[in-house]
Amino acid sequence: MKPVLKILLYVPCLLLIAFYLYVLILGFHPHVSDQYRAYYIDHTIPVWPE
């Protein structure tokens, strides 16, 4: 296989891996409002604040 073709195959794979790592990081460190965090993530309030 030609070296240029190998590079063209590896680039999309590396981009996909980088995207999945980014999504994984966002999953562990979500940027949400305090109300959303208290209700859905921490379960510290019983009802959604109106």
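I take buried to mean under 20% relative accessible area, exposed over 50%, and partly exposed in between, with a 1.4 Å probe and protein chains only. The model is predicted; I use local features only at pLDDT of at least 70 and side-chain atom pairs only at pLDDT 80 or more, whereas totals for chains, interfaces and linings use all residues. I number residues from 1 along each chain as its sequence is written, and side-chain values use heavy atoms, with hydrogens and water left out.

**Entry: the chain as a whole**

I looked up the secondary structure and found two helices and zero strands in the protein chain; helices (H or I, at least four residues) and strands (E, at least two) are DSSP runs, numbered from the N terminus. The radius of gyration is 20 Å, well over the 10 Å that the globule rule gives for 50 residues, so the protein chain is more spread out than a compact globule. This radius is taken over C-alpha atoms, and the globule rule is 2.2 Å times the number of residues to the power 0.38. Along the principal axes, the C-alpha atoms fill a box of roughly 60 × 15 × 10 Å.

Of the 50 residues, 2% count as buried. The accessible surface of the protein chain is about 4900 Å², and 72% of that belongs to carbon and sulfur atoms; the areas come from the Shrake-Rupley method with a 1.4 Å probe, and for residues only the protein chains shown count as cover.

**Entry: Ile45**

I located Ile45 in the segment after α2 (34–41). Ile45 is partly exposed, at a relative accessible area of 27%. Leaving aside residues up to four places away in sequence, I found that Ile45 touches Gln35, Ala38 and Tyr39, where contact means heavy atoms within 4.5 Å. Ile45 and Gln35 stand 10 residues apart in sequence and 8.8 Å apart in space, C-alpha to C-alpha.

**Entry: aromatic rings**

Rings of Phe, Tyr and Trp (its six-membered ring) pair if their centres lie within 6.5 Å; planes under 30 degrees apart count as stacked, over 60 as edge-to-face and the rest as tilted. By this rule I have five aromatic pairs. One of them joins Phe19 and Tyr20 in a tilted arrangement, 6.0 Å centre to centre with 50° between the planes. Phe19 is partly exposed at 48%, while Tyr20 counts as exposed at 53% relative accessibility.

Tyr40 and Trp48 also form a tilted pair, 5.9 Å centre to centre with 45° between the planes. I noted Tyr40 as partly exposed at 46% and Trp48 as partly exposed at 35%. Tyr36, Tyr39, Tyr40 and Trp48 form one aromatic cluster.
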